[in-house]
Amino acid sequence: MTERKPACIVIGVGPGTGEALVRRFAEGGYAVAMIARKAERLERIAGDVADSRAYPCDVTDHDALRATLARIVADLGVPKVAIYNGAYAVFAPYRDIDIGDFERTFRVNVSSLLVAAQELAPAMVERGDAALLVTGNTGAWRGKPHFTGFAPSKAGQRILAEALARDLGPEGLHVAHITVDAMIDIPWVRERMGGDRPDDAYAKPADIAGEFFRIAHQPRSTWSFNVELRPHRETW
């Protein structure tokens, strides 16, 4: 009988880092479950990437998220790797931020990560040799102008990930927070920057995904928690 491939769950599959993560882990021998709101995008990727499956879900609906994760485990097994790549941002002057939108950043970036950990981590600990990776960014470390509606939730996400790492690491589950301190090379980002940056000033989604894959497979004697990724031109 053919042995079932290990499962990877990517929560938050957009056209940049999320899609690249799906492709890298599928290439690395995983059956990949994809979670995002936009079913059309997931179906397109599933049609293009072997061993990937679409599970449309709005992560702000926590009951739906729990049910979706349970269905994935039933379909593919307990994941060897789970990646929380979901994000919601509000970019506006502090005076103009709608408080409902502000609270939504915490629901997506923090609360839904906790829900995912509650649903997946106990079985991942029992499975052994597993990793929970969290995608962070610059806002997780410092507030900047126009980041008032984003940075607080990303900082909260980082602290939640650290608390999970301290809880779960001794039980054998590797939790890592990976800061992508960069403009990511996807079309809308290039348009936003006005085309005045050289190519090597952008972080390539495939390269980001490659680092996630490496971190997910670190030996226990050298686990990372805080990992920072940035192009060589990035000021920091």
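Predicted model: local features only at pLDDT ≥ 70, side-chain atom pairs only at ≥ 80, totals over all residues.
Buried would have needed a value under 20%. I then looked up phenylalanine 106, which is also partly exposed, at 29% relative accessibility. Both residues sit in helix α4, residues 99–127. They are four residues apart, so about one helical turn separates them.

Next I looked at aromatic pairs. I found seven in the structure. One of them joins phenylalanine 25 and tyrosine 30, edge-to-face, with 5.4 Å centre to centre and 75° between the planes. Are these two residues buried or exposed? I found phenylalanine 25 and tyrosine 30 buried. For phenylalanine 102 and phenylalanine 106, the ring centres are 5.4 Å apart and the planes stand at 70°, so this pair is edge-to-face. I also noted one aromatic cluster made of Phe25, Tyr30 and Phe213.

Helix α1 covers residues 17–27 and α7 covers residues 205–216. I read their axes as coming within 8 Å and crossing at roughly 55°. The two helices are therefore oblique to each other. Their crossing is right-handed. By class, the contact has ten nonpolar, two polar and one charged residues.

Last, I checked threonine 138. Where is threonine 138 found? I placed it in the loop between β5 (130–137) and α5 (151–168). Its relative accessible area is 12%, so threonine 138 is buried. Leaving out residues up to four places away in sequence, I saw threonine 138 touch Lys144, Thr179, Val180 and Asp181.

Notes:
Residues numbered from 1 in each chain as written. Heavy atoms only, no water. Axes fitted to C-alpha atoms, helices over the stretch in contact; angles between N-to-C directions. Parallel < 35°, antiparallel > 145°, perpendicular 65-115°, else oblique. Left-handed = near helix turned anticlockwise from the far one by under 90°. Nonpolar A, V, L, I, M, F, W, Y, C, P; charged D, E, K, R; others polar. Buried < 20%, exposed > 50% of the residue type's maximum accessible area, 1.4 Å probe, protein only. Contact = heavy atoms within 4.5 Å. Phe/Tyr/Trp six-rings, centres within 6.5 Å; stacked < 30°, edge-to-face > 60°.
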